[in-house]
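Opening the notebook on this one.

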Amino acid sequence: MEFGRRTIADYLRAYDEGQVMAQSVAQTTLDHIASVDDRLGAWITLNTEQVLEDAAAIDKRRREGNPVGSLAGVPVGLKDMICTKGLRTTAASKMLTDFIPPYDATVTAKLRQADALILGKLNQDEFGFGSSNESSVFGPCRNPYDRKRVAGGSSGGSAAAIAAGHCPVTLGTDTGGSIRQPASLCGVFGIKPTYGRVSRYGVVSFASSLDQVGPLGRTVGDAARVLDVISGHDDKDSTSLQFDVPNFQAALGRGVDGLRVGVPKEYFQEGLAPAVEKHVRDALAFIEQSGATLVPISLDHTKYAVATYYVLATAEASSNLGRYDGVRYGHRTGTSVDSLEDLIARSRSEGFGDEVKRRIILGTYVLSSGYYDAYYLKAQKVRTLIKRDFEQAFSQCDIIAAPTSPVTAFPLGDHLDDPLKMYLMDILTIPASLAGLPCASQPCGFDSEGLPIGLQWIAPPLQEERIFQAAHFFESKTEHHLRDPQGETS
Amino acid sequence: MIRSGWEAVIGLEIHVQLATASKLFTPAANRYGDPPNRNVDPVVLGMPGVLPVLNAKAVELAMRVGFALDCEVHKRSRFDRKHYFYADLTKGYQITQHLHPICTGGKVLATIDGEDRSFRLNRIHIEEDAGKTIHDGRRGISLVDYNRAGVPLIEVVSEPDMRSPEEAVAFMKALHQVVVATGSSHGDMEKGHFRCDANVSVRPVGQERLGTRTEMKNINSFRFVGRAITSEINRQIDLLEDGETVIQQTRLWDDDAGVSRAMRSKEEAHDYRYFPDPDLMVVEIDDATYEQVRASLPELPRARKQRFEEVLGLSSYDAALLTQSRARADYFERVVDQGIEAKVAANWISGELLGRLNKEDKDIEASPVPAHSMGELLRLLAQGQLSGKMAKQAFTAMIETGVTAADWLKANGGQITDSAAIGEIVDRILQAHPSQAAEFRGGKEQLLGFFVGQVMKETRGKANPQAVNAALRAALKGET
């Protein structure tokens, strides 16, 4: 079997049959990544030593007939927002370049518990601020389909590593589209679960009321397996939900017969690339032919979503990033300072990149005395209206389908001088984030330049199963997910 | 006294550390006096991605204070973030309750010069404490200790109802008594459990409009609160009498120098950029918990004092003395519960016991005579097995050697009350002094004292005086 095509099931079968050992998988995978990634930039840090020890321990347990976890020996990568005990976690920022957490994020601990092989940490936009992975202090992550183009962001490395065949699954984080948009641009599956489904403990905070960890995978089934492992209530995260977690894999194979699929007209408006519209509409037609019903719906407040998001997300981000002051950990200025204020100001000025500073300034402004009501409070009200749009829509349909990104992967540097244009990249992913809904992107075709196009699924709260059901059906009837980028990165 | 023609307006904000085992949002210990940076963890240190989880005990302790002060205790409250940068603030914001505090309204009752006074409260909210920054000027460095960071506090905010430093002190003392009595705080001011900021302004008597106020921070003892406020009132009156103006500013009180210094003016005031903390849920207290906390409230010092006066018949002075601390009142009640008359118990505790403990600078908790021993002593006294004089001797021995009253009685012999035994002694004395006996019978009543003295001498003070009296009179009359 080709290296990059292995699913989780393939790995587990190979282990069961004794074809391979986890230690050799870890070594081979790390060697492979080391040899190709300087041309891609998907990884920030490789877990070179620890993962080999972990793999040896798993091999030993298997050999001795002792039980192993559900992802035993499966190589995975984590976005560098997710804390890993003893392995540096940078958020792709100079501020945290040397930060080694003394604790695991809850999702990290759960993956370790399941005996996954944590290969290392994946590239991203600095602190998750961006849609192109170009604001990383470690340089951009490129698109495996065209190295002159962006991988998307902010979880660019998490999507590109899968597309390039480095590993079958990764974890990303999504605040306004940071899992779905790079998944779309790199032609892989990625799901953002319901807000609160997965613990945020130990995940570097961008916007606390929006952030959510989710898996990306080559296949829908692989993502479902990983989501099964990382979901569930966590006493360390007050916002994590108390609800029981269903077995997501059980939703696979249910088909789409009788499924009412809402198609929001606001998601097919100007700015949508013709090729994207065509392939998404083709996908919808195919789903309809397969027994689903397409229901035209309207999400009236969609046009306010981007503005609402950039008020709320920057407000929370400006607050969440206040802890990086150079006092206890992280970057501290090397120049001599004459006061504590000076120390903090210089450390932050040096440690943060331009996009981070831009968002801190925006967020500080909207929370300022005299502006709070006009911006923050008003945005909260609009957020409620956007949520209601979805509630109404879901009285008419079971799931919503739409494009993920209005365009396919754009050239590196294209939007760097125009932050507003970059912000508009998230126009189709932001509304579901504001509503806290589970949502995903899966490949549904390629444009004339061979660049992947993403189909977005949005389900009611806690109904991730419907997404797995619909996406798995589409995947099982199509071959988009099987395409491999040709090049030197895989 | 405030200078004639002027009136002061004073409002207090008091930070009270809650007596929880752990911090407000994490299991790290809430403990004073450890080596620096011992009671920390990733949450206390504000490390990336870690999240706060609310300590339910802290909410309960805040509720207790709210109920005790007759506040409206809200079943729903919320935490906000208050932003500013300082080395001892680990997240760049403090988690506090800005818009929806746990308690609003309420009042503090105090007694000033025997007069009952009520001071209104604005609110009580829960928040986390900051660490401590120590500036080492000699070495040119600053050191930070995060042991205090994240310790749960309530901030009790008064209305500007006080008009003199004396009232402010009375308010503070009354509040202190309540937070300790409810078990919400240890109230140890030396350890910073109870810290006061004072808002002070002055205006000419009769003027309705409030003067410009200043906020004095860091007044950490009862001793200094009066002095600090007096100093600020005088500073403001001096300014105004000289035709200058008071600048709205924050001032830092310096206990050692006995003066306050300007810290920052209104123009330099922070914009705290409050907004609801998205890492925490709205605090919701269910009906059962609400009622349970309310019902578990102990009797408060003022109510107890009133009961001691009205039900147990103590003087106002004794009742006040015995309710000054919960331990004293508990001790007193444990003695009374053994069947001792309240007034007797009060006299012995306030006179003998507290007098003795005061001399040794001890609290009643450290009394070498526990309440049950005191009860035993007073029971023996009531039963007449000990005379008043003997009881005092026994008490001294109990304090000094730790014996019990019963032991002392056994070793020293009890009071002689048996009338037959006393009759024998009386007969002996009368026979030994025939001429005085004759004089007595002849009408010289004054000689009774002489005979009593002789009996006491013979019994080394142990004979019951009433019984001796009765026996003497009977013996003398019988021979008539």
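Before anything else, a note on terms: when I write helix I mean a DSSP run of H or I with at least four residues, numbered from the N terminus. One more reminder to myself is that this is a predicted model.

**Entry 1: a serine in chain A**

I looked up A:Ser158 and found it in helix α5 of chain A, which covers residues 156-163. Is A:Ser158 buried or exposed? I get 39 C-beta neighbours inside 10 Å for A:Ser158, and the cut-off for buried is 20 or more, so A:Ser158 goes down as buried.

Next I asked which residues A:Ser158 is in contact with, leaving aside neighbours within four places in sequence. My list has A:Gly77, A:Lys79 and A:Leu122, then A:Thr170, A:Leu171 and A:Gly172, and finally A:Pro182 and A:Leu216. I also checked A:Trp43, which is 115 residues from A:Ser158 along the chain. The C-alpha atoms of that pair are 8.6 Å apart.

**Entry 2: chain A as a whole**

Zooming out, I count 15 helices and 13 strands in chain A. Its radius of gyration comes to 21 Å, close to the 23 Å the globule rule gives for 490 residues, so chain A is as compact as a globular protein of that length. Along the principal axes, the C-alpha atoms fill a box of roughly 65 × 55 × 45 Å.

How much of chain A is buried? I get 60% of the 490 residues. I then turned to contacts in chain A with a separation of 6 or more, and 76% of them join residues 24 or more positions apart.

**Entry 3: where the chains touch**

I moved on to the contact between the chains, which takes 38 residues from chain A and 27 residues from chain B. On the chain B side, the elements giving two or more residues are β4 (80-83) and β10 (141-145). By residue class, I sort that side of chain B into 16 nonpolar, six polar and five charged.

For B:Lys82, I noted B:Gln94 as the bridge partner in β5(B).

How values were computed
Residues numbered from 1 in each chain as written. Chains lettered and ligands numbered in written order. Predicted model: local features only at pLDDT ≥ 70, side-chain atom pairs only at ≥ 80, totals over all residues. Rg over C-alpha atoms; globule rule 2.2 N^0.38 Å. Buried ≥ 20, exposed ≤ 12 C-beta atoms within 10 Å, placed from the backbone. Contact = placed C-beta atoms within 7 Å. Nonpolar A, V, L, I, M, F, W, Y, C, P; charged D, E, K, R; others polar. Pairing = 2+ DSSP bridges.
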